[in-house]
Amino acid sequence: MNNLQTFYGPNAGYVLELYEQYLNDPASVDAVTRAAFEHWSPQETGADEAEHPNLSSVTESAASFQVAHVVAASALARAIRERGHLGAHLDPLGSEPLGDPALVPETHGISDADLAQLPPSIIGGHASEGVHNALEAIHALRAMYSGTISYEFDQVKSPVERGWLRDAVGLSLYHEIPHIDLRRKLLRKLTQVESFEKFLQQTFPGQTRFSIEGIDMLIPMLNEIVSGAAESGSEEVIIGMAHRGRLNVLARVLGKPYGAILSEFMHMKRNAGDTFNESFRFGWIGDVKYHLGAQYVLNEQSEIGLKVSLAPNPSHLEFVNAVVEGMTRAAQETREEAGFPRRDPERARAVVIHGDAAFSGEGIVAETMNLWNLRGYSAGGTLHIIANNQLGYTTEPQDSRSTHFASDLAKGFEIPIIHVNADDPDVVLAAARLAFAYQDEFHKDILIDLVGYRRWGHNEGDEPSFTQPVMYEFIRSHPTVREIYARQLEREGLITAQEAEQLMTDALAILVKAKREAEEGLYILTSDEAAEQNEQLVEAIQSTPPTVSAEQLRTLNDELLTWPHNFEPNPKLARLLQRRANTLGDEGGIDWGQAEALAFASILVDGTPIRLSGQDSERGTFSHRHAVIHDQRSGESYSPLQHLNGSSASFAIYNSPLSEVAVMGFEYGYGVHAPETLVLWEAQYGDFANVAQTIIDQFVSSGRTKWLQESSLVLLLPHGYEGKGPEHSSARLERYLALSAQNNWRVVNCSTAGQYFHVLRRQAFYLTRAPRPLVILTPKSLLRHPLANTTLRELTEGSFQPVLDDVEALTRAESIRRVVLSSGKMAIDLLGNERRKQAEDVALVRIEELYPFPQEELKRVLAHYPRAKEVIWVQEEPQNMGAWKYLSPRLKALLDVKTKLHVLARPESCSPATGFSELFQSEQDTLIEGALGSSIKEVGGSKHGR
């Protein structure tokens, strides 16, 4: 091609206009194009000289560089940089890459011969350095972006970061040529990984272990990342992953003894006897071996050892991601001063290992990645690894995601992506070093797509050829990465075949010894250890938090109503807050928001940090909290709780993203890693927690039972039937009570602000003494209800009471014929109803703590009414919801045979509440009339006899 005749129409016009622009102002075009135009004169192009008058002044001698070739070469280079991953050889099983026409020279109208005639500067970048022409530069560029490693960086918006990444790739900054000793060490690591899996396969055939085989390089990759963290001065690396490869990670990264893992395979063969019985009794029943976590201290003998933690997780795959982010944030922060916690993102590093199908299929992945740059949730950048088996259970990629690459979701969050072939060990380690360096430099997320395969089925009892016969026919004859690397070292003369075989023999011998240790029972938790833990718990629960003096609460109240000079909050809000200055007298009037603020303030000055998050938690969904106030002129914010005199603890409050599952998981992880901190998550409405049911079921309610993982997370769940429809009425109390067992948490439905004050203080007191999660059904209409208000005396002299007796009824205890039990808003509706005055033979008793069931407290209260003939449980919820099914057997066991037990509830329903306000009010009137009326028969269809 000797001229521009290959450019037609708009394309030819564009080139000529560009040349004309160059003639007018050479500096207006880029340097590469300017260099080409300096030696070029247009020949016959088919262009109208009348449209381009400046062309007439140009000589018609042949151009030494053809603009067409320059443009084509530049376009080819850009395509390789942007789309080279589409032509990369990433599959260890040898499948052809997807490809892209833009990666082929002929698509751009240029050949290799043409490229060889162009200078390398046209390609630009580091590929043009040290080569003789554009063809050699293109070859260098393909080696960078379309080999067994490739990159996607264009989604990164920051030019600084893109430049850093291009330099890292172009200069091969992290592609080290390892010393012979390091290469032999890598072979030894791969041998240890493979031998462990082979030993398990031979020793425990058919037992599920979710083998790592096919992505064996995950272990050396994690070792490399951990080493980088240690060298950078980090104090902790926190890892989250699902079950695939977990046992090898525990052994080879966390240092869990082989014998401990092997003993878990042998449990079914042991006569556990009292060991399991006692463990169950004391609230620990364990989990399967591939869900367990561990901690390991690297360089333990040094002054500062790096702690490596693997978070335990359920089979709900990606849900541990959010937990790890919360744990990491907690590890990065110090909370010993007032104000927000101080944070150093380099103190702790998060590493999250994903499944390829789960990464795109599980919504929690996107929710968690969305947290990376939010002020309340950033963990300083997470290093993501997709352990890419190219299969999800038995589902192939075309059936499990709508994108070609498993990693494509990450591009929406501007996360750089490195794709790498898991059968190329040296390149995999280069990917790990680059990823760690980027995260270390920018404190942002980065992702490695480690493309491997799965040597066995989904688990070791699965037959993969049922569904992937062609793939597994190939896998059966495909060498392991250890074999591939050993042969490579043999070819290079760095090791002999006999030495490689001896490494395997030695590794297996270690495992045989570990099995003998496991058979001797060296790694079994004894019932004595479980009993000791339980004794400590019982002792802690019997202790009570100290009281707060009236003087101290008055001082704190004054500070909570103080803001800086020249700070102007909203006038209406200022008036509302200043009303709290007049509630500490004998007449009372302390509402829910003020009681909470006083509780928080007293906890902070006691030295306990607090973290609270949720949608709109700074103000409170119902405009009751106002923990953060805003200047009406500048918009600046101020939180009195962060400026308390004498406080030596941080107070952090954040409005969360519109997420429940990721944020609740984050807060659970934060509290686990900062056990001295009172951590609270607030639902905008109680039923919003439905979305986070997996976090509740698999972590909050059962984490201690499965993993001995202590949590004191508080869930604040607004609850109450007020005729607003099915949604936002019920916080689904029945779900929490159904999960209540083995003293796993506490479930409370307070009816007064004073009770809320005391339960918060009790929870803070128990943090390190008897840690348990706390579920509180918080109110909506009761937030300002006079009967729910409290007095200063109740705060200073009282304590949390699991059961509240009827003070008025006690004055006529001998005449009481009916005891009505209720909790929360239902209790206040009964207490405030005008019918109560006529119901002189009725006692209204409130069960404030539903779990643990207050058997002794309720028994004592009922004994106050010896002539009572019936006990009625009244609840807002339909009869098949709420607390009734949980309470019924417990109340029956408590009452004598002469006392009748009834329930008053809305009729059984599949929906929590009616959408019609008139029907709601009719139902509520019926419940109240039934409880306070002359006969239980008046309730009609909602009665339930003993």
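Two strands pair here if DSSP finds at least two bridges between them, and strands themselves are DSSP runs (E, at least two residues), as helices are (H or I, at least four), numbered from the N terminus. With that in hand, Val747 has Tyr851 of strand E22 as its bridge partner. The model you are looking at is predicted: local features need pLDDT of at least 70, side-chain atom pairs count only at pLDDT 80 or more, and totals for chains, interfaces and linings use all residues. Residues are numbered from 1 along each chain as its sequence is written, and side-chain values use heavy atoms, with hydrogens and water left out.

**The seven-stranded sheet**

- An open sheet of 7 strands runs in the order E14-E11-E15-E16-E18-E17-E22, and its pairing is mixed.
- At the edges are strand E14 (651-655) and strand E22 (849-851), each of which pairs on one side only.
- From one strand to the next, the twist averages 20°; axes are lines fitted to C-alpha atoms (for helices over the stretch in contact), and angles run from 0 to 180 degrees between N-to-C directions.
- Strand E17 (residues 746-748) meets E22 in the antiparallel sense, over 2 bridges.
- Helix H28 lies across strand E15 (678-682), strand E16 (714-718), E17, strand E18 (774-778) and E22, and runs at about 165° to E18.
- Tyr851 is also joined to Pro852 by a cis peptide bond, with omega about -5°; Pro852 has its place in the loop between E22 and helix H32 (855-862).

- Strand E23 (residues 870-878) and E24 run parallel and are joined by 6 bridges; in E24, Leu901 is the bridge partner of Val871.
- Why is helix H31 (residues 824-831) described as largely enclosed by the rest of the structure? It is because 8 of its 8 residues are buried, where buried means under 20% relative accessible area, exposed over 50% and partly exposed in between (1.4 Å probe, protein chains only).
- The buried residues of H31, including Met826 and Leu830, pack against E20, E21, E23 and H34.

**Strand E1 and its surroundings**

- Ile149 and Tyr151 point one way from strand E1 (residues 149-152), while Ser150 and Glu152 point the other way, and all are buried.
- E1 pairs with strand E9 (residues 417-421) in the antiparallel sense over 4 bridges, and Val420 is the bridge partner of Ile149.
- Ser407 lies in the loop between helix H15 (397-400) and E9, and counts as buried at 0% relative accessibility.
- Leaving out residues up to four places away in sequence, Ser407 touches Glu152, Phe359, Ile386, Ile417, His419, Leu447 and Asp449.

**Aromatic rings and charges**

- The whole structure holds 20 aromatic pairs: rings of Phe, Tyr and Trp (its six-membered ring) pair if their centres lie within 6.5 Å, and planes under 30 degrees apart count as stacked, over 60 as edge-to-face and the rest as tilted.
- Tyr151 and Phe153 form a tilted pair, 5.2 Å centre to centre with 40° between the planes, and both are buried.
- Trp592 and Tyr756 form a stacked pair at 5.0 Å centre to centre, with 20° between the planes.
- This second pair links distant parts of the chain, 164 residues apart: Trp592 is in helix H23 (residues 592-605) and Tyr756 in helix H28 (residues 753-766). Both residues are buried.
- Trp164, Tyr174, Tyr438 and Phe442 make up one aromatic cluster.
- Arg611 lies over the face of Tyr670, 4.8 Å from the ring centre, and Arg769 over that of Phe765, at 3.9 Å; a charge sits over a ring if NZ of Lys or CZ of Arg is within 6 Å of the ring centre and within 35 degrees of the ring normal.

**Positive phi angles**

- Phe210 is not a glycine, yet has a positive phi of about 55°. It lies in the loop between helix H7 (180-203) and helix H8 (218-231) and is buried, with a relative accessible area of 7%.
- Asp616 has a positive phi near 65°. It is found in the loop between strand E11 (610-614) and strand E12 (629-630), and counts as partly exposed at 36% relative accessibility.

Technical notes:
Contact means heavy atoms within 4.5 Å.
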